[in-house]
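Please look over the sequence and the structure shown below before reading on.

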Amino acid sequence: MPRWRQTKESVIWLGLLMPLVLYGANSLYRPRPTNVVDQSLFQGIVYNRQVLNQPRPQIIHIIELDLTAPGLRPLVTPGYQGTALDPESQKKWESVGQRTSAFVKTHGLQLAINANFFYPFREVTPWNYRPRPNQLVNLAGLSISNGDQVSEVYADWPALCFTDQRAELNRDGNCPEETHQAISGNLMLLENGQLTEDVQTKIVSAEGDKPYPFNIAALDATGTRLWLIQTDGKQPLYTEGTTLREVTAIVQSLGADTAVRLDGGGSTTVAVSPQAGSAHLPTGTRQSENPQVLNMPGHGKVPGQERPVANHLGFFAQPLEP
């Protein structure tokens, strides 16, 4: 066989095997799935992790925040400050791709999740994707950072709006004038504690039975208690995802009044500052001087691979008292 043909075949086999190698190597670093109950991370922030084996392996992360806790305040990703235009729409780019853990580190936050859906997006292989870190992107739905509107309202894309020590979730995508931080999702799950017609329609469809990694934000009736729910998925025999019916039932069981679906899938990420300290991080979390990712994202179908995203919801919080 000619040498050039041998080289060509070797390159092809390498390309085919590389995803399997990456998946296998990263699987070795996945934390042992164990339940975590009422683990205080910071003042006003409590973490729970539920591990289920039936009807399939699932790992569910629930973060409960008391928005009235001293020093606890939100921050949404600031908008892109440059003047470059999207060549297709000719409108100014709105944000810059960044991993959630990098967002925590850049702004000195204690906790953050990914938030709005975004575009353009591409995920072909672990090395062929968009956005990459610092690559320009646009947001789907309203985003407000420090009182500045970053992106426009999408009709019927619910907005989570933060004012002083409380929040509200509005189905029409608008926020009050006094809003200083806001993000958007694409599906209202609960209103007045009950399933919306939109989510009921999706639950009985084929989409309702498909296990998936979800990213949910929910509020109690007072608007002072916020739950952030992330479900890991797409990792056979470790965590295969949660159905829309199941995740909605979880949100209802918390006592939520309203809830919205944020960007999920391989984007689903929750990161915390190392200030949480080894005594307060969940068992199995790798220790580092850098922010820790509490869940197991799967960008590019590689376990633990964190995706650069366009928008985040983060929180400043006070350390636990000695």
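Asp 198 forms a salt bridge with Arg 171, and their closest N and O atoms are 3.1 Å apart; a salt bridge here is a side-chain nitrogen of Lys or Arg within 4 Å of a carboxyl oxygen of Asp or Glu. Asp 198 lies in helix α3 (residues 197-203) and Arg 171 in the loop between β14 (166-170) and β15 (181-184), so the pair ties together parts that are 27 residues apart in sequence. Helices (H or I, at least four residues) and strands (E, at least two) are DSSP runs, numbered from the N terminus. Arg 171, Glu 191 and Asp 198 are linked in a network of salt bridges.

The model is predicted, so local features need pLDDT of at least 70 and side-chain atom pairs count only at pLDDT 80 or more, while totals for chains, interfaces and linings use all residues. Residues are numbered from 1 along each chain as its sequence is written, and side-chain values use heavy atoms, with hydrogens and water left out.

Glu 246 forms a salt bridge with Arg 56, with 2.8 Å between the closest N and O atoms. This pair links distant parts of the chain, since Glu 246 is in helix α4 and Arg 56 is in the loop between β2 (45-52) and β3 (58-66), 190 residues apart. Both Glu 246 and Arg 56 are buried, where buried means under 20% relative accessible area, exposed over 50% and partly exposed in between (1.4 Å probe, protein chains only).

## The whole chain

The protein chain has four helices and 23 strands, and 50% of its 322 residues count as buried.
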